[in-house]
Number of protein chains: 2
Amino acid sequence: MAIKNVNYALLGVGGVGSALVDAIAGARDHHLKTYGVKLTACLVADSSGALVAKGGLDDAALRGAVAAKAKGEKVSSLEGAIAAADVAEAVAGLGPGTVVVDCSATDATVPLLIRAVTGGQKVVSANKKPFSGPQADYDALCGQPRFVDRVRHESSVGAGLPAIAALQRLVMANDPVKKISGTFSGTLGYVMTGLQAGRPFSEIVLEAKQLGYTEPDPRDDLGGVDVARKALILARGLGWRLEMSDVDVTPLYPPELAALSVPDFLAALPGLDAGFKAKADAAAAAGEALRYAANVEDGKLTVGLASVALASPLGSLSGTDNLVEYYTQWYDPSPLVVRGAGAGAGTTAAGVLADMLELAFTP
Amino acid sequence: MAIKNVNYALLGVGGVGSALVDAIAGARDHHLKTYGVKLTACLVADSSGALVAKGGLDDAALRGAVAAKAKGEKVSSLEGAIAAADVAEAVAGLGPGTVVVDCSATDATVPLLIRAVTGGQKVVSANKKPFSGPQADYDALCGQPRFVDRVRHESSVGAGLPAIAALQRLVMANDPVKKISGTFSGTLGYVMTGLQAGRPFSEIVLEAKQLGYTEPDPRDDLGGVDVARKALILARGLGWRLEMSDVDVTPLYPPELAALSVPDFLAALPGLDAGFKAKADAAAAAGEALRYAANVEDGKLTVGLASVALASPLGSLSGTDNLVEYYTQWYDPSPLVVRGAGAGAGTTAAGVLADMLELAFTP
C-alpha cells in the first residue's frame, strides 16, 4: 500500500490548535488504514515564533508547543524556536504541497496564507478573519477560478458543520441559490430560546454570561458582528462581492447602550425586557418565534432579529445549535438544511481535520 | 487561464440522465468561469447500446439519445450507435481520467464500474444498486484504502442532499459516529405526516398513490427495502461490513398482505387503520410522533416504524423531506442534521454534477 505523506504547518496553538493536535494523533491509525494518508507536522507557531523541522517534528516537540501556550508561555521561548519575523520564510521553505493550517484568530496571517496559495501550498483555515476581511484578500486566497484543490475553510462558519461544503456543492451543481437564512451564534440561540419560553431578556443574558456562553463584554455577541462575518463568508461563497461595511447589522441593544461600561450596560439591560417581551409575544401569537438570523437574499445581507414560522426549520430550533437554510431551484419551498453544534474547539478542529484529509487527495 | 477538460461517459438517459444533460449544458459558462472546468460527454448509453465520440459528442447527438429514450426508442437504433455488448470496451477505451457516470437503476453496470475504477477512471453514481449489493462489490468500487479521489455516489442516498458528504467528513475527522437515524422516503414521510394529523392510514396511502408519490404497487415503498438500501450505504460509509440480508426491515404492512394482488392489497388497507391510529395516538400522548426510520447503531441496522420526540429534528419533520441525524463524539446530545428534498430527477442530477466537479480537482 502506497502511503501518502502530507506535511502541514500549524499556526495557532490555542484551544482549536491544541484540539487539532490531539485529533490528528488519535486519528493516525485510522487515517493510514482508511485513506492511506499520514499527516506530518513540520512547523508549529504562535504569534511569538515557531518550532520547525522539515522532516517532521517529533510528538514531544509538538505537544511541548501546545503545552507552553496552555501555561501562558510563548513558543519562541522553547529550545530551537525561531522568531516571529522568520516564520513566513520558514513556512515557504517547507515547499509545495504543504498544508498551512490557520487555527489562529488574527488577520495577521493573511500575507502568509496568500503567499502559501500562490506558491503551490495549500491552506486550511478555522480562522474567519482572512475570509471576512477585504474582498481583495478573499479573492487572493480563494482564487478566480476557485482554488478548490488548494483552499478549505469550513470551520470559519459554524465550526465543523458542513455549511460551506453544502454550499460549495450547490454552487458546483449550478443550482441557483435564492436565499440563505441562518443562525450562527450558540449564545444568541440560547437567548432566543429563553425569550420563546417567556423569560426576561436581561435575566437570560446575565445567566448566559455567568455560564460563560458570552464574551466578557456580552455586546461582543449581542452586537451581531461575528454573525455578520460568517454570513459574509457564505455570501462570498455564492460569488457575491461585498465588504463587511455592506452588511446591514442590527445589534440586539440600542445605540445608546454602546458606549457604556460593562457594569453599566448590564445594569441597563432590564430596560430592554418589555420591548423584547412584546416582540416575543407578538411572534408567538402569529405562530412564529424570534431568531437572531442572517439573511442573504436579493443582493443584500442583513443580520438582526427576525420572526420565523414555528413550523420552519429555523423555527424548530432550540438551544445553542446553529442552523442554515439554503433555498435554491431544487430546494424550494422546503430548504436544504444543515444543523448542529456550531462552536467548540473539538468540533472546530474536526472540521479542520476533514478539510486537511480532503486536500490530501488533490495534486 | 488553463481550462481543465473532463471527459465523461453517461450510463442511463432516463429522468436523472436527462436532467443531468440539461444541468451540464446550463452550467457550461459557470463551470468555466468559476472553476476553469469543461465537462465533455464522450459516450452516452442505455441498456441497448451507446453513441461514442472520443473527442466529444456534439450536443445534437447527446440530446438525440435523451430524446430517443423519452420517446421509448433505444439508443442502439440511432445512427452510429454501438451495441450493448461493446459498451464496456468503449468506456474503457476512453482512457484514464474519464468520469463514468451511472444514472441507471440496474446492478448490470457493476462490472463496468469496477473495471473503470481499477483502470484509472473515475466513477460517479446516482444508482444505489452497485453500492447496496454484495459487500465485495462495494469494496471493489470504494477501495481499501478508499478511493476518495476516484469515486463519488452522493445521489445514491437522499438524492442531492449532502448526506454522504457530511458522513465522509465525520469519518475523515475521526469523529466517532455512535448512531445514524434518518428518513429516506418522501412517500413514507407523507404517510407519517398524515398519521400525525389523525388521518386513516388507508386514506393517506390511496391518496399518495393517486398523487403518483408511490410506486404502482405501494408495497414497493411500504416494504422499506429502498430505505434499507440507503441506510446500508451510510453504514458502509462508516466502515461497517454487512449485507442487505443483515438489515432488519419491518414493512408497514403485515406478512399476510404480501402475496395479495395490488387491488386486493388496496382493499385490505382499511383493516390496518385502527392499529396505526392506536400507535399514532400513543405517540402523540407521549409528546412523540411516528416516523418510518432507519437506525444505524451498535452494529445493527434496523428499518421500521419508530416513535420519536416531537422536539427532536426527526420529530420536527413534516411532508416529504428526508432527514438524517448523525450522533458523534462532537454532535451529542444534539446531532448533526442534514435535511431537505430527498427525491426528484433535478436534485438527484444536481448531486451527480457536484460529485463530477469535485472529482475534476483530483489527479
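User: What makes S13(A) and strand S13 (residues 336-340) of chain B a pair?

Analyst: Three bridges join S13(A) to S13(B), and the two run antiparallel. Strands pair if DSSP finds at least two bridges between them, so three bridges meet the rule. Strands here are DSSP runs (E, at least two residues; helices are H or I, at least four), numbered from the N terminus. Within this pairing, A:Val337 stands opposite B:Arg339. Please keep in mind that this is a predicted model, where local features need pLDDT of at least 70 and side-chain atom pairs count only at pLDDT 80 or more, while totals for chains, interfaces and linings use all residues. Side-chain values use heavy atoms, with hydrogens and water left out.

User: Why is the meeting of A:Asp355 and B:Arg169 called a salt bridge?

Analyst: The term asks for a side-chain nitrogen of Lys or Arg within 4 Å of a carboxyl oxygen of Asp or Glu. The side chains of A:Asp355 and B:Arg169 meet at 2.9 Å, N to O, so the pair qualifies. The count between chain A and chain B is four salt bridges.

User: How do you know what area is buried between chain A and chain B?

Analyst: Buried area is the accessible area (1.4 Å probe) that two parts lose on being put together, summed over both. For chain A and chain B that gives about 4300 Å², with 59% from carbon and sulfur atoms. In chain A, A:Arg169, A:Met172 and A:Phe361 lose the most area to chain B, together 18% of what that side buries.

User: Which residues count as being in contact between chain A and chain B?

Analyst: Contact means heavy atoms within 4.5 Å; by that rule, 52 residues of chain A touch 52 residues of chain B.

Note on methods: Residues numbered from 1 in each chain as written. Chains lettered and ligands numbered in written order.
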